[in-house]
Amino acid sequence: MSQSPVEQMSNLKGVESKNAESDSKYLDGLLIRPIENGTVIDHITAGSALHVLRILGITGTTSERISVATNVVSKEMGWKDIVKIENRELAQQEVDRIALIAPRASINIVRNCVVIEKSVVSDPEELVGIVKCPNPCCITNANEPVLTRFYVRQNVLICFYCEWHIEKDMHSFIL
């Protein structure tokens, strides 16, 4: 029978290592510095942190200082990813994008090293100008000055104009 990630990490605590001091720091928590001001996106679906960075427009050539932790042990989720962005607070439209690929994510706003606001993402009822319609015949793909518009229904995106359904790989359609 396979063990949960938390059980696997608990088993490691009894294993001796040549570098016990650094190992205990690793096992007890993350080795990522706290941020003074900015946003911490926690409880991202494991393996999705890089998608979150992409949809936020963070390419590595931008000025934000970021920290990314992938496949971190989580009591709630088993495994999760975490993204910290210094000196940036997310707009609601950015949070809506994150909700599409990380429906259990939490957004923490940090100021002067204190979390002043904590919220959990929720599916918006409607997305405007956030998702590209994959239907080549949709009016939003016909060089018309029309923003895309999707309804969100039980993890399915439905185009307002052509009723095309997006049920998987949503990250690849996010503008």
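User: Which elements do the buried residues of H4 pack against?
Analyst: In this predicted model, the buried residues of H4 pack against strand E1 (38-45), helix H3 (49-55), E4, strand E6 (126-128) and strand E8 (156-159).

User: How many residues of H4 are buried, and which ones?
Analyst: H4 is mostly covered, with 8 of its 10 residues buried, and those residues are Glu94, Val95, Asp96, Arg97, Ile98, Ala99, Leu100 and Ile101.

User: There is an Asp in there. What is the nearest side chain of opposite charge to Asp96?
Analyst: That is Arg97, at a distance of 8.7 Å, and Asp96, which is found in helix H4, is buried yet has no salt bridge.

User: What is Asp96 in contact with, then, leaving aside its neighbours within four places in sequence?
Analyst: With those neighbours set aside, Asp96 is in contact with Pro124, Leu127 and Ile130.

User: And Glu94, which residues is it linked with by salt bridges?
Analyst: Glu94 belongs to a network of salt bridges together with Glu64 and Arg88, and Glu94 is also among the buried residues of H4.

User: How many salt bridges are there in the whole structure?
Analyst: A search of the whole structure finds 6 salt bridges. One of the pairs joins Glu86 and Arg65, whose side chains meet at 3.8 Å, N to O, and this pair links distant parts of the chain, with Glu86 in strand E3 (residues 78-86) and Arg65 in the loop between H3 and strand E2 (66-74), 21 residues apart.

User: Glu86 and Arg65: buried or exposed?
Analyst: Glu86 is buried, with a relative accessible area of 14%, whereas Arg65 is exposed, with a relative accessible area of 52%.

User: What does Glu89 form a salt bridge with?
Analyst: Glu89 pairs with Arg111, and the closest N and O atoms are 2.8 Å apart. Glu89 counts as partly exposed at 40% relative accessibility, and Arg111 is partly exposed with a relative accessible area of 40%.

User: Where do Arg149 and Glu126 sit?
Analyst: The side chains of Arg149 and Glu126 meet in a salt bridge at 2.8 Å, N to O. Arg149 is in strand E7 (residues 149-153) and Glu126 is in strand E6, 23 residues apart, so that pair too links distant parts of the chain.

User: On the backbone, what is phi of His43?
Analyst: Phi of His43 is near 60 degrees, which is a positive value in a residue other than glycine. His43 lies in strand E1, and the residue is buried, with a relative accessible area of 14%.

User: And where is Asp169?
Analyst: Asp169 is in the segment after strand E9 (165-166). Phi of Asp169 is near 55 degrees, again a positive value in a residue other than glycine, and Asp169 is partly exposed, with a relative accessible area of 47%.

User: Stepping back, how many helices and strands does the protein have?
Analyst: The protein has 4 helices and 9 strands, and read along the sequence they follow the pattern α-α-β-α-β-β-α-β-β-β-β-β-β.

User: What share of the residues is buried, and what share of the contacts joins residues 24 or more positions apart?
Analyst: Buried residues make up 38% of the 175 residues in the protein. Among contacts with a separation of 6 or more, residues 24 or more positions apart account for 58%.

Technical notes: Residues are numbered from 1 along each chain as its sequence is written. This is a predicted model: local features need pLDDT of at least 70, side-chain atom pairs count only at pLDDT 80 or more; totals for chains, interfaces and linings use all residues. Side-chain values use heavy atoms; hydrogens and water are left out. Buried means under 20% relative accessible area, exposed over 50%, partly exposed in between (1.4 Å probe, protein chains only). Helices (H or I, at least four residues) and strands (E, at least two) are DSSP runs, numbered from the N terminus. Contact means heavy atoms within 4.5 Å. Lys and Arg count as positive and Asp and Glu as negative; His and the chain ends are not counted. A salt bridge is a side-chain nitrogen of Lys or Arg within 4 Å of a carboxyl oxygen of Asp or Glu.
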